[in-house]
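Take a look at the structure first, and then we can walk through it together.

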Amino acid sequence: MKSIGGYFELEFREGVQYHETALKLSTARQCLEYVLRAKCYNKIYVPFYTCDAILEPILKLGISYEFYHIDKDFEPVFDRAIEEDEVFLYTNYWGLKQKTAELLARRFRNLIVDNSQAFFAKPIDGADTFYSARKFLGVPDGAYLYTNCFPIPMTDYPLFDPQSHISYLTGRLTHSAEQHYSEFTACEAEFSNLDIHRMSLLSDRILRSLDYNRIAKSRRSNYRCLHEALQATNELKIDMDDTRDVPMCYPFLSRRPELRQRLIEQRIYVPRFWRNVTDWLNGELAFEHELACDLCPLPVDQRYDETDMQTIIECIKK
């Protein structure tokens, strides 16, 4: 029976989620696990340059896997055909590689597109596609999956309980990023090897309340501001498609080892993608090694404006 009256809960604008028609799960790795379970693949091809969380469902299910390289345009270095019981996984890097994902969908019958870094990219017909809301938006959990295979009803999976994942979100709102960073990392660790869950009701409500047009416009504007100022010194020659790309970040590659520390000293925080890559390469000095060591993914998200971008530019150009 529904409770009526009493104290209030958090209130949100009632709208529509950007991926309203997708399956709504708790994390991107759970989306991958769902696909691997549903389609019974025996082998998966995985890029060296990806998060180690991708391997969790692969190892859990005992599926064979093989790494492949990418080139400096973030294109797969892979010239083989794959078998009917195999699948190729491609990451839409930074939300800037949608064209490549579309070409791969024509090349491979079995393709999974990892859009964890490309929340606004459209799903591709014939390709299983998953997204992570947490990399773009302030939610405790949330992922989306587009697939044509539904062997298990969603109601058979429990809802994720976000209760212990809220404090760092409200903490950063009311205090400082530094004060609640340890809570954030602890919450991230709790997602490791978690069974498949449906998206929490809290994330579902938050994701229905957002102005996605504003978010996309802000990200594109901030990216363009950084690119115009930094492209001459950026060793990556990758740009946004002006007709559709909505970037996660501005990927800035520089051989200046002090740069990351300088940004941190100015309270400009950039993640490191990904420490596990150097271990996987086992001493091979490939392009992915350079990315793992030297890439600075500069923030362009909807919390910031041109003034903030100028702060980043000035710090880098010192």
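An open sheet of eight strands, in the order 1-8-7-6-5-2-3-4, shows mixed pairing. Strands here are DSSP runs of E with at least two residues and helices are runs of H or I with at least four, both numbered from the N terminus, and two strands pair if DSSP finds at least two bridges between them. This is a predicted model, where local features need pLDDT of at least 70, side-chain atom pairs count only at pLDDT 80 or more, and totals for chains, interfaces and linings use all residues. Residues are numbered from 1 along each chain as its sequence is written, and side-chain values use heavy atoms, with hydrogens and water left out.

- Strand 6 (residues 111-115) and strand 7 (residues 128-132) run parallel and are joined by four bridges.
- Asn115 has Tyr131 as its bridge partner in strand 7.

**Ile215**
- Ile215 sits in helix 7 (residues 212-230).
- With a relative accessible area of 3%, Ile215 is buried (buried means under 20%, exposed over 50%, partly exposed in between, using a 1.4 Å probe and protein chains only).
- Leaving aside residues up to four places away in sequence, Ile215 touches Phe120, Leu137, Leu210 and Gln302 (contact means heavy atoms within 4.5 Å).
- Ile215 and His289 lie 74 residues apart in sequence and 32 Å apart in space, C-alpha to C-alpha.
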